Amino acid sequence: AEGEQITYETAGSLAGLYMTLYSLYANAYNETVVEDADLGQEYYDKSIDAAAKAAEYYQLQLDNAAEDVVDYVKAGIMGNRAIALACTGDGDAAQAVFDEALALAPNNYDLATNYLSFVYQNEGLEAAQAYAASYMEIVGEESAFYEQMQSQIDYIERYEQAMEEFYKELENLQNQSEDGSDEDADTAGDGAATDGGANDNNAADDNAADASGDNAPADDSAN
């Protein structure tokens, strides 16, 4: 991307397209990796490449921004670039860009939602709640972004609760399966003891056959 003659608008459009491509490849990876690990790896590698290209084009968009593009807008683009970097797996680079963007325009809502997602993915629910509260304090209750951020954190909290319930249910099903396996094993063990009795009877039959065999030579001698 370096050295390309590209406009601000075109760079932004291409960055967005590459992020869409990233999402498609990432979904393809999730759908195929279990059944075909090699194909899944191909999709994963392509998703990383797409995110990296998006980060490059977001930087080109910033480089080609006109002088009258305000810091608020630039910060939003930087937030997009930070997310793209995070999608490549470079969390440290993403954090550095986020820090710079937040210093530039901490009240930018698009930047804030990107950072909220980043914080939640990397630090968990409590850190996300803390950041959301700090943003809401910055914009104030009179701002429309106040309620929108509250909706964002409410959604994350509901998602977190749903995942907890899902894993609890999964654990319960696993425990029930293990208990069923133990009961089957006990039943099989009882059957084995019964079979052992049958084997004892077979052994008695074998002894009887041996005894009959021992009498055979005596019969021959009698003849």
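For the residue classes used on this tour, Ala, Val, Leu, Ile, Met, Phe, Trp, Tyr, Cys and Pro count as nonpolar, Asp, Glu, Lys and Arg as charged, and the others, Gly among them, as polar. The model is predicted, with local features needing pLDDT of at least 70, side-chain atom pairs counting only at pLDDT 80 or more, and totals for chains, interfaces and linings using all residues. Residues are numbered from 1 along each chain as its sequence is written, and side-chain values use heavy atoms, with hydrogens and water left out.

Next, select Tyr 22, Ile 83, Ala 86, Cys 87, Gly 89, Gly 91, Ser 117, Phe 118, Gln 121 and Asn 122, which line the largest pocket (a pocket is an open set of points on a 1 Å grid over the protein atoms alone, where a 1.4 Å probe fits, with protein on both sides within 12 Å along at least five of seven lines; lining residues have an atom within 4 Å of a point). Two or more of these residues come from each of α3 (71-87) and α5 (109-123), and α5 gives the most, with four. The lining divides into five nonpolar, five polar and no charged residues, around a volume of about 360 Å³ (the space filled by probe spheres set on the points, which are joined across faces, edges and corners).

Then move to the second largest pocket, of about 240 Å³, whose lining includes Ser 117, Gln 121, Tyr 155 and Glu 160. Here α5 and α7 (144-222) each supply at least two residues.
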